[in-house]
Amino acid sequence: MKKIIFLLFISISLFSCSKSNPIENKKDIDKMLNLWHQAAAEANFENYFNLMTEDAVFIGTDATENWNRKDFENFSKPYFDKGKAWTFHPIQRNIYLDNNSKFGWFDELLDSSFKICRGSGIVENVNGEWKVKHYVLSMTIPNDKSNQVVAIKDSLESILIMELKQTKK
């Protein structure tokens, strides 16, 4: 009986030690995000969307860009088909994990055609593979230039604000 308990203890210990390695998980997430951005830069539709969960959400820089995966695929397909999607080069990234290494979240600064953008999101470990579950892309605005940007956005977004408030009711 003592041998069985001892073997059970050893098995549980080995399983819990190998269950999750935060450093390796963060490296895997970093690698996956780099491959995801690379797939977009290479206009590789299949690789890009295979790195997203089936229920993924992508939120773009425009206030109207809030897509589930299927809608985002439909929006993106013409760009990928032309061989030119978008190119984001990560210049800084922070990655965090939950206690069970089932979910992670991150923020990143990206060099892009919009200059510096911020990406943030949630990743999920799906059958041992990290995938993007939720992604938000934002354009950064220097604080001392925000009034000028607000003035540019005012006429278009004031109308959108009224429309969104009406649909909220």
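Strand 5 and strand 6 (residues 129-139) run antiparallel and are joined by 10 bridges. Across this pairing, arginine 118 stands opposite serine 138 in strand 6. The model described here is predicted. Strands of a sheet pair through backbone hydrogen bonds, either parallel or antiparallel.

Strand 3 and strand 4 form a hairpin with 5 residues between the strands. Within the hairpin, serine 101 takes a positive phi near 55 degrees.

Proline 90 also lies in strand 3. Its relative accessible area is 34%, so proline 90 is partly exposed. Leaving aside neighbours within four places in sequence, proline 90 is in contact with Asn34, His37, Leu109 and Leu110. The C-alpha atoms of proline 90 and glycine 119 are separated by 9.2 Å. Along the chain, proline 90 and glycine 119 are 29 residues apart.

The protein chain as a whole has 5 helices and 6 strands. From the N terminus on, its elements run α-α-α-β-β-α-β-β-β-β-α.

Charged pairs were examined next. The structure holds 11 salt bridges. One of them is formed by glutamate 54 and arginine 69, with the closest N and O atoms 3.4 Å apart. This pair links distant parts of the chain: glutamate 54 is in strand 1 and arginine 69 is in helix 4, 15 residues apart. Glutamate 54 counts as exposed because its relative accessibility is 69%. Arginine 69, at 10% relative accessibility, counts as buried.

Lysine 70 forms a salt bridge with glutamate 73, and the closest N and O atoms are 3.7 Å apart. Lysine 70 and glutamate 73 are 3 residues apart in helix 4, so about one helical turn separates them. Lysine 70 counts as exposed, at 53% relative accessibility. Glutamate 73 has a relative accessible area of 13% and is therefore buried.

A further salt bridge joins the side chains of lysine 153 and glutamate 157, at 3.1 Å from N to O. Both residues lie in helix 5 (residues 146-168), 4 residues apart, about one turn of the helix. Lysine 153 counts as partly exposed, at 35% relative accessibility. Glutamate 157 also counts as partly exposed, at 30%. Elsewhere, salt bridges that share partners join Glu54, Arg69, Lys70 and Glu73 into one network.

The surface also carries a nonpolar patch, formed by Tyr96, Trp105 and Ile122. Together, these residues have about 280 Å² of accessible area. Isoleucine 122 is placed in strand 5 (residues 115-126). Its relative accessibility is 36%, so isoleucine 122 counts as partly exposed.

Totals for the protein chain complete the description. Of its 169 residues, 29% count as buried. The accessible surface comes to about 11700 Å², of which 57% belongs to carbon and sulfur atoms. Among contacts between residues at least 6 apart in sequence, 47% join residues at least 24 apart.

Key: Residues are numbered from 1 along each chain as its sequence is written. This is a predicted model: local features need pLDDT of at least 70, side-chain atom pairs count only at pLDDT 80 or more; totals for chains, interfaces and linings use all residues. Side-chain values use heavy atoms; hydrogens and water are left out. Patches are made of residues with over 30% relative accessible area and no salt bridge: like charges are joined within 9 Å, nonpolar side chains (Val, Leu, Ile, Met, Phe, Trp, Tyr) within 5 Å. Accessible areas come from the Shrake-Rupley method with a 1.4 Å probe; for residues, only the protein chains shown count as cover. A salt bridge is a side-chain nitrogen of Lys or Arg within 4 Å of a carboxyl oxygen of Asp or Glu. Helices (H or I, at least four residues) and strands (E, at least two) are DSSP runs, numbered from the N terminus. Buried means under 20% relative accessible area, exposed over 50%, partly exposed in between (1.4 Å probe, protein chains only). Two strands pair if DSSP finds at least two bridges between them. Contact means heavy atoms within 4.5 Å.
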